[in-house]
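Dear colleague,

Please find below the structure that I am handing over to you. My notes on what was found in it follow directly after.

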Amino acid sequence: MLRQTILRFASVFLVLLIAGVAHAQKYDVPLAAPPVGFHWQPLPESKAAIPLPDGWYYHADGQQGEPTYYLTQEAIGESGEFQTGLSLQVVRKVAAKTKRRALEYAGFLMLRAGFGQGQQQLEKATSQDGIFHKHTVRYREAPPEADARVVYQLALANAKTDTLYLLTFESAEKDWEEAWKLGEVMVRELVLDSRR
């Protein structure tokens, strides 16, 4: 009985922790000093900035108007793969591309997150902060041919501009606790221009 109570408490705490991170992005604020051990990485095409851990790598890719940013612990090779890091894909005018507004499409994308083959959903939360609608999912992925990974995804839809931000932070399961200490700061301190 006590064990079940403790497990329930731990589950509720984790959901609140994940939801708390989802509420923490900043909008339209000037950049303050970066967190200790980080420096600000501008995301110029999106008029955004994210704290990049010192010693990590930055790479931008994608088409004009639809950038994807990579902030990774190791340099991305020609294959585009990395072990630990964050990717942020920005899609503007979502309805014109998908026939669904960004906020509806964000929910649709996150319905399937963590339910693929070899995946186990660990947490899920939804919230709204003004014009931003947020969906977060954390799941474990254990493909047969590779080591298990933990993945945190945030789908952030700007209802006013019909822009979707799809953020993914991932790491090998064995490294997750240490990696998430950095990833949580990156997600929480992300600064976006709400007019974009």
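In this predicted model, Ser-87 stands opposite Thr-168, a residue of β10. The strands β6 and β10 run antiparallel and are joined by seven bridges. In general, the strands of a sheet pair through hydrogen bonds of the backbone, in either a parallel or an antiparallel way.

Both strands belong to an open sheet of seven strands, whose order is β4-β5-β6-β10-β9-β8-β7, with antiparallel pairing. At the edges are β4 (57-63) and β7 (119-129), each of which pairs on one side only. On average, neighbouring strands of this sheet are turned by 15° against each other, direction ignored.

Two helices should be noted next. Helix α3 (residues 102-112) packs on the sheet and touches β7, β8 (132-141), β9 and β10; its direction makes about 165° with that of β9. Helix α4 lies across β5, β6, β8, β9 and β10, and runs at about 160° to β10.

Which residues have the most contacts inside the largest nonpolar core? They are Leu-86, Leu-88, Leu-167, Phe-169 and Met-186, in a core of 27 residues. Helix α4 gives the most to this core, namely six residues. Leaving aside residues up to four places away in sequence, Leu-88 touches Leu-43, Pro-67, Thr-68, Tyr-69, Tyr-165, Leu-166, Leu-167 and Leu-190.

Finally, a search of the whole structure finds six aromatic pairs. Ring pairs link Phe-169 with Tyr-152, Trp-176 and Trp-180 into a cluster.

Yours sincerely

How values were computed: Residues are numbered from 1 along each chain as its sequence is written. This is a predicted model: local features need pLDDT of at least 70, side-chain atom pairs count only at pLDDT 80 or more; totals for chains, interfaces and linings use all residues. Side-chain values use heavy atoms; hydrogens and water are left out. Rings of Phe, Tyr and Trp (its six-membered ring) pair if their centres lie within 6.5 Å; planes under 30 degrees apart count as stacked, over 60 as edge-to-face and the rest as tilted. A nonpolar core is a set of buried Ala, Val, Leu, Ile, Met, Phe, Trp, Tyr and Cys residues joined through side-chain atoms within 4.5 Å. Buried means under 20% relative accessible area, exposed over 50%, partly exposed in between (1.4 Å probe, protein chains only). Helices (H or I, at least four residues) and strands (E, at least two) are DSSP runs, numbered from the N terminus. Contact means heavy atoms within 4.5 Å. Two strands pair if DSSP finds at least two bridges between them. Axes are lines fitted to C-alpha atoms, for helices over the stretch in contact, and angles run from 0 to 180 degrees between N-to-C directions.
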